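Me: I've got this model open and I'm a bit lost in it. Could you take one part and walk me through it slowly?

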Amino acid sequence: MNIKDVAIIGGGASGASAAFHLANSNKDVILLEKNEESIPKSCGGGMAASVQDLFPFNLNQTIEQVIKTVEFSWCLSDHVVAELPGSSPFWIVNRTKLDSFIIENAINKGAEILKPFNVSSIKKQYDNWIISSESGQRVIAKAIIIADGSQSPWPRHFGIGPKHLHYASTTSVKLEGRGLLKEGTSRFEFGLVHHGFAWAFPLKNNVNIGVGTFIGKSKDNTERILEQLLPNLGFKASEGIRKKSSLRVWNGHSNLHNDGILVVGDAASLCDPFLAEGLRPALMSGKEAAKCLNLLLEGKANNLNSYTNTMKLKWGDSMAWGRRISQVFYRFPKIGYQLGIKRPTAPERIAQILSGEMSYADIAQRVIKRLILKK
Ligand SMILES: Cc1cc2nc3c(=O)[nH]c(=O)nc-3n(C[C@H](O)[C@H](O)[C@H](O)COP(=O)(O)OP(=O)(O)OC[C@H]3O[C@@H](n4cnc5c(N)ncnc54)[C@H](O)[C@@H]3O)c2cc1C
């Protein structure tokens with residue numbers, strides 16, 4: 001049997017990104033995806049435009065809206081409107097298109113995709129990995145990337161990723177039309193959701209609405225929240241199909257690799273624990289994983305340590321602050337809204353966070369400085 005350089009388990013954003021970057025460096029890579037057809041994911045599609053820098057091809061065709069205005073509300077009133085400066089763009093992408101488009105580019109560079117391939121067993125035999133599917137197919141590879149999302153059993157199985165997993169509880173609804181949501185405007189509602197927030201992201205002819213709880217146990221009152229939020233956005237209270245998901249979020253620094261194995265995206269618990277931003281770290285980790293594997297496969301590195309280290313520097317250090325901010329903000333959201341969102345400089349900062357220009361660590365440092373200087 002042909003031994004692949006790398007097998008990637010899961011063809012979402014993180015797996016697709018890894019596949020592209022490996023194939024782009026002439027590696028023999030295979031992507032294993034359990035679903036034959038693309039199934040729409042519970043994802044708002046909000047993404048910093050800076051993600052474009054991760055790819056040498058243009059992502060334009062996946063963008064449905066460029067967000068220029070962000071509206072915040074507390075219990076549907078006390079609105080704050082932030083105009084995003086043109087220098088910090090934020091996009092709403094069609095999530096299904098994004099994943100397929102990156103995979104298409106990976107295939108153009110020589111990646112192979114096998115679907116449906118529902119991975120049911122992964123074993124290491126001598127120097128190779130043997131990956132088997134539910135239906136008995138087998139793939140052999142020198143290295144593997146785990147990219148199968150929030151429900152992945154593999155990080156725990158192989159002793160990588162955080163010891164204690166933390167999940168945000170989410171409900172998403174996709175609605176026809178745009179209701180009262182204006183072109184290029186996103187909405188964030190705090191106050192209605194216990195320990196979390198609700199969002200409304202416009203697409204071309206739809207709106208993606210989500211409700212997320214980030215700390216503690218979610219109170220099962222999502223339906224009551226949607227009954228108030230949907231009419232406020234110009235939709236009928238009962239409109240749309242509700243889809244619940246558990247989203248694995250960042251929960252402490254951890255080793256994201258072992259011998260010949262790396263974990264990326266949601267499977268690696270990289271999603272932002274404050275704002276549920278998961279696309280940027282998924283795409284970034286896919287690229288970084290590919291970079292480190294390239295070095296290993298070319299004999300220029302002896303191990304994959306640099307992957308864990310780079311993700312810590314580029315993402316984890318900011319998420320450590322994001323987690324602290326999340327724990328304080330969602331425990332005392334009214335104070336957080338008054339002191340954080342309603343500050344005169346908040347619109348600019350929010351734009352910078354959403355665009356990836358500023359990290360939570362930068363925000364925390366500014367707050368600490370302000371407290372010390374008492375300004
Ligand atoms: C309601 C909701 C809204 C969100 N909104 C946003 C947003 O607006 N912006 C943002 O940045 N992030 C958002 N996120 C987070 C974002 O969707 C995730 O972080 C992102 O999807 C992670 O990509 P991934 O490739 O790691 O995982 P996934 O996209 O989950 O992909 C995993 C892939 O692995 C496949 N797979 C699973 N098991 C197997 C198996 N056994 N064998 C083979 N294949 C398998 C799956 O079919 C899937 O294709 C949202 C999440 C939720 C739940």
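Which strands make up the open sheet of seven, and in what order?

Reply: Before anything else, keep in mind that this is a predicted model.

The sheet is open and has seven strands, in the order β6-β5-β13-β14-β15-β12-β16, and the pairing is mixed. Look at the two ends of that order. β6 and β16 (242–249) are the edge strands, and each has a single partner strand, so one side of each has no neighbour in the sheet. Going from one strand to the next, the twist averages 20°.

Now zoom in on the end with β16. Strand β12 (residues 166–176) pairs with β16 in the antiparallel sense, and eight bridges link them.

Helix α7 (residues 333–341) lies across β5 (69–74), β6 and β13, and runs at about 145° to β5.

D78 sits in strand β6 (residues 77–83). D78 isn't a glycine, yet its phi is positive, at about 50°. Is D78 buried, partly exposed or exposed? With 29% relative accessibility, D78 counts as partly exposed.

H195 is another non-glycine residue with a positive phi, near 60°. You'll find H195 in the loop between β13 (185–190) and β14 (196–202). H195 is buried, with a relative accessible area of 19%; the cut-off for buried is under 20%.

Then there are the aromatic rings. The whole structure has 22 aromatic pairs. In the pair F197 and W199, the ring centres are 5.3 Å apart and the planes are at 50°, so this pair is tilted. F197 is buried at 1% relative accessibility, and W199 is buried too, at 13%. For a ring with a charge over it, go to W321: R324 lies over its face, at 4.4 Å from the ring centre.

Strand β3 (residues 46–48) runs antiparallel to β7, joined by three bridges. Strand β4 (residues 63–67) is antiparallel to β7 as well, with four bridges. I92 is a handy landmark here: it is the bridge partner of G46, and Q65 stands opposite I92 too.

How about a helix? Take α1 (residues 13–24). At 1.5 Å a residue, its twelve residues should span 16 Å, and the end C-alpha atoms are 16 Å apart, so the two agree. Eleven of those twelve residues are buried, so α1 is largely enclosed by the rest of the structure. Among the buried ones are A13, G15, F20, H21 and L22. What do the buried residues of α1 pack against? Their partners are β1 (3–9), β2 (29–32), α2 (95–108), β11 (138–146) and α5 (279–297). Just after α1 comes N26, with a positive phi of about 65°.

That list of partners includes α5, and E288 is a residue in helix α5. At 5% relative accessibility, E288 counts as buried. Leaving out its neighbours within four places in sequence, E288 is in contact with Y307, T310, M311 and K314.

One last stop is a peptide bond. The bond from K115 to P116 is cis, with omega near 0°. P116 lies in the loop between β8 (112–114) and β9 (119–125).

Methods
Residues numbered from 1 in each chain as written. Predicted model: local features only at pLDDT ≥ 70, side-chain atom pairs only at ≥ 80, totals over all residues. Heavy atoms only, no water. Helix = DSSP H or I, 4+ residues; strand = E, 2+ residues; numbered from the N terminus. Buried < 20%, exposed > 50% of the residue type's maximum accessible area, 1.4 Å probe, protein only. Pairing = 2+ DSSP bridges. Axes fitted to C-alpha atoms, helices over the stretch in contact; angles between N-to-C directions. Contact = heavy atoms within 4.5 Å. Phe/Tyr/Trp six-rings, centres within 6.5 Å; stacked < 30°, edge-to-face > 60°. Lys NZ or Arg CZ within 6 Å of the ring centre and 35° of its normal. Expected span 1.5 Å × (residues − 1).
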